[in-house]
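Here's a walk through one protein chain, going from a few local spots out to the whole thing. Have the sequence and the 3D view open as you read.

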Amino acid sequence: MQRKDNGHRLFMTGRQTEMGLLRQALKDSERGGPVRRLVTGEPGIGRTTLLRAFSASSRAKGCLTVDLVCAPGERDRPLSLARQLVRELASLRLPAAERDGALGTVPPADGTPSPSDVRATVAGLTTTMPLVVTVDDADQADNASLEFLRHALLSPPAARLLLVASVQEGESREEAGQLYELLAGARRLRMEGLTRTQTATLIRRALQRAPAPKLVTECHRVCAGNPFMLMEVARLIHDQPSDTQGRTLVGDMAPSPVADLIGARLAKIDPNAVRVATAIAIAASNSAANPLLVAHLSGLSLHETLAAADLLVRTRLVEDDDKLFLRHHVMRNALLGRMTLMGRNAAHLSAAAYLHDKHAPVEQIANHLTASTVALDDPWPVPVLLLAGRAALAAREPERARAYLERAVQVASGAERRSALLDLTDARMRIDLVGGLEEAVRVLEEATGTAEAAQAAESARATRTAEDSAMSGPAGGPAGDDIRFPLLARVSTALYLRAQPGEGVRAATTTVLARSRLSGWPLLHRILDYLQDYPPLISSQPGEQLLVPKGHTPGGDAAALGADLCGPGQIRAAATVVGALRSHLGEDGSYSPDDAVRQAQEALRTDRGLCLYPLLTMTALMILVWNGRDEEAAAHLRRHQDCALCPEHPMHRTFLLPVTARMALVRGRLRAAHDELGECLDALVRYETRYQHPILVWVVGMLADVKISMGLDGEARALLREHGCLGSLPPGWLYRDLLVTRARLRAGGGDLAGASRDLTEAWKSGAPARGHGRGSPAHGPGAASDGRDVPAGIASAPAVGGGTPAGATGGVHWYVYGTDLLAQFGQDEDARSMARELVRSAEAVNAPRELGVALRVLGAVHKGVEAEKPLREAVLLLTETGAEFDLAQAAADLACLLFDEGRHEEAVVELSTALEMADRCGARPLAMRLRQRLAAAEGRASQRSPLGGVLTLTKREKQILIDAVRGLTNERIATTLHITRRTVELHLSSAYRKLGITGRKDFPNLFRTAGLWPLLVDTGSLA
């Protein structure tokens, strides 16, 4: 709605609800008697505009209107509002017939008005239509006028009159009795801020163009929908250009009319209110202000501060809370804009010092330190800024962290400046990876030049002390040699974990460093790419010639960096790790656990060889653990934890967590392994590792595998879904464990076809097509090695090149679980063949635990004596090594074998032992199956549950039911087992009855029972 008033075009946006309420009040007044409405709201909310718009609307409908305005200072002029009423009544234009009779009683405007004369005039004017009287800012009127209005307009006889008065919310004065008597019983109409949609309409009218949605949202936020403030912001947007990126920085705008309006309003009520409002604007820089801090900044007592704050709350400028903050961000900017720069600096530094003395949170102190353009000349601000910056990084607020750390870099020196520079690098790369890397490379080059200059100076002046010769970095920074390693570590880690392989930033950074004094680094960094390839593109006998481009001689520019960073020794150590991985995984007959262990040991012994890349350290340590060298791996872990450089790497601890988790898993500490892998994954996510990065997926697979072993299948599935691991994955050996974990998850739910697809994909992801090795069957889908038919969708065992599994049993664990899965798929001969290869591989490793695991797998896929002997050997070996989780599984397999052979007394002993260990490890699914077996052995199994029903099945019923679940038809089962189809149907009917189902259609619901499928295919269940 809009109208012209005194030549100016006024807008009113929204307010349909308020206008509707006033129109209804007008209708009520037509029925007789005076009707009163009180309009309230914060300064600038549009009370005056609403009254004028309603008055214009009433006149358009033929009503008589009188608009009274209480100007500033009105209360000091007695009866000024009364005289204004008389003048307005005299100016009314009525039809000639009515004017002569009605206006004859109007008193002279220059004399003392009489309430009775006005009352008579109003009575004459309202004989046919109501009279609308609006009083804007009625709280500013003098008491005499308010009393006059009450007697003239509200005293009997009642007239058709609507009195609408507006009052500034929260404003009060000692002599307010007459105002309250005038408006006693009036319905209050509180005006709120505009909605976001109404804000968009208002800004569009002000700018004469459609605003961007983000601009509307920001304007609505900083102004809380206040129309006056919105209009002032819109004028600034119209007059001020955008920044270089085309953005309009609404949050930084400080329209002076807003401060003038608020200041004038508050000064009329309480002089302290302006001081307190300004103190709140200073104190609440990024959060609510403590009243004690506000009192300190305003120079008032706490009692005076709270009294003024109460006024600000009642005027709806401050929220009513324990802490104080202004409701309108633009009002805070406007109040601060009235201060000089030095005044704001002094206030912020005073606030920072006060908060520091009170031991306030570092973020609050840092906010004031960064808000000042002048630094405090005290030692305590730098540690505060560093702590606040790190807290902001941990909270994933890099913009805030950058502000703190940039100030810390400006004022710090020595070791503190070094720490600030490193943390600032992290913040910049979180905000903008490309820009952050470019800045890190610039600092790195400067630091490298400084370090080399320091070395030259030291050579020229041999008598100079080490402390004097260490030259500072740029702008009084630390010695270059002191910061190069952590800077290189940050650049390398960001490029590997965050940058996409094809992104230009990676190539550009490598090019810049290759041209600089850091030319050895690109060669070293390139090795990381080889880790995720299968086969790794480095031979088992690594040499520099495989890494160095043609025409480049290592030891020249690379040696200038020092042997502790990117020298030939470090390149050789990194290449040795990749060679060890190649030997461990095996390729074209190259599987050699001895070579893998030897090379891992060699790389780990290199002085500072792997400090720059803890991922390589993790790989070397995992090779030792995978090959049963736990104690040696633990010793190297302690050595790296004591290293002076390693803790400087931002991801040092993160990359070592999988090693400690694997060692905990071996010892049967599933919960510890779960927590350490979870911590590792959280750190990778916080670092913003790119989606489906091989290392991220590998850790997800390990964690999901532990969750399955703990019975947390739902969490495992949710974890895979969260990280995009339920769909297709790119090839690579790091993805293989996850695929086997996914197969385990699907098989546990009865989805054998899906599990088979994952197992087949796991093989393809880790090995290219090649000839089949000894004892490694290769049969296409639909044909098993023993001649039995396999349902479509159930793939056969993968072929293994060179006659040995790719990797040791404790490492690439997919052969361990893959063998179990093949047995579940009904490919018994393939499973046995793979298990035998696994034993030969473990014997080559020459580690008791690895051999024990392999023998357990071998026994699990055999029956009778062929199963019992390897299982008992596995129990003995695993008992000696203390691998409790693997021992619990071996004891469980042995117990189930004894149970199925009718040796119940022996079975109970083994079952009890295995159950105790499973409970201690936290392996809930294993413990649940063992309890069911133990209950059946002791005659306590409930046959009403699906799990109890499984234990009552005969061997033949189990065999036929398993084939049915695998998808074989009754006719195919009969042909395979050389029995009649009718016999198959009878056995299936018996099995269905024991399980409480009616047929194959109930299989999906049946396998929702956790642990049912593993229990069904336990040792001895397969005929």
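In which loop does Arg 396 lie? Look between helix 18 (381-394) and helix 19 (398-411): the loop joining those two holds Arg 396. One thing to keep in mind from here on is that this is a predicted model.

**Loops with positive phi**

Arg 396 has a phi near 60°, which is a positive value in a residue other than glycine. With 45% relative accessibility, Arg 396 counts as partly exposed. Glu 397 is found in that loop between helix 18 and helix 19 too, and its 32% relative accessibility makes Glu 397 partly exposed as well.

You'll find Asp 137 in the loop between strand 5 (131-136) and helix 6 (143-154). Is Asp 137 buried or exposed? Its relative accessibility is 10%, and since anything under 20% is called buried, Asp 137 counts as buried.

Now for some packing. Here are two pairs side by side.

| Helix pair | Angle | Axis distance | Handedness |
|---|---|---|---|
| Helix 38 (residues 848-860) and helix 40 (residues 884-900) | about 30° | 10 Å | left-handed |
| Helix 26 (residues 568-585) and helix 27 (residues 593-605) | roughly 160° | within 8 Å | left-handed |

Take helix 38 and helix 40, which pack at an angle of about 30°. Angles under 35 degrees count as roughly parallel, so helix 38 is roughly parallel to helix 40. On the helix 38 side, the contact is made by Arg 849, Val 853, Arg 856 and Ala 860, and helix 40 brings Asp 886, Gln 889, Ala 890 and Asp 893.

Helix 26 and helix 27 cross at roughly 160°. Since an angle over 145 degrees counts as roughly antiparallel, that is the label for helix 26 and helix 27. Helix 26 puts Ala 573, Thr 576, Val 577, Gly 579, Ala 580, Ser 583 and His 584 into the meeting. Facing them from helix 27 are Asp 595, Ala 596, Gln 599, Ala 600, Glu 602 and Ala 603.

**A helix with a buried side**

Which residues of helix 45 (residues 970-977) are buried? They are Asn 970, Ile 973, Ala 974, Thr 976 and Leu 977. These sit on the same side of helix 45, because they cover an arc of only 165° around the axis. What covers the buried residues of helix 45? The cover includes helix 44 (955-965) and helix 46 (981-995). Just after helix 45, His 978 takes a positive phi of about 60°.

**The whole chain**

Zooming out, the chain has 48 helices and seven strands. Of its 1023 residues, 56% count as buried. If you take contacts between residues at least 6 apart in sequence, 70% of them join residues at least 24 apart. As for the surface, the chain exposes about 41700 Å², and carbon and sulfur atoms supply 51% of that.

Technical notes
Residues numbered from 1 in each chain as written. Predicted model: local features only at pLDDT ≥ 70, side-chain atom pairs only at ≥ 80, totals over all residues. Heavy atoms only, no water. Helix = DSSP H or I, 4+ residues; strand = E, 2+ residues; numbered from the N terminus. Buried < 20%, exposed > 50% of the residue type's maximum accessible area, 1.4 Å probe, protein only. Contact = heavy atoms within 4.5 Å. Areas by Shrake-Rupley, 256 points an atom, 1.4 Å probe, with all protein chains shown as cover. Arc of directions from axis to C-beta. Axes fitted to C-alpha atoms, helices over the stretch in contact; angles between N-to-C directions. Parallel < 35°, antiparallel > 145°, perpendicular 65-115°, else oblique. Left-handed = near helix turned anticlockwise from the far one by under 90°.
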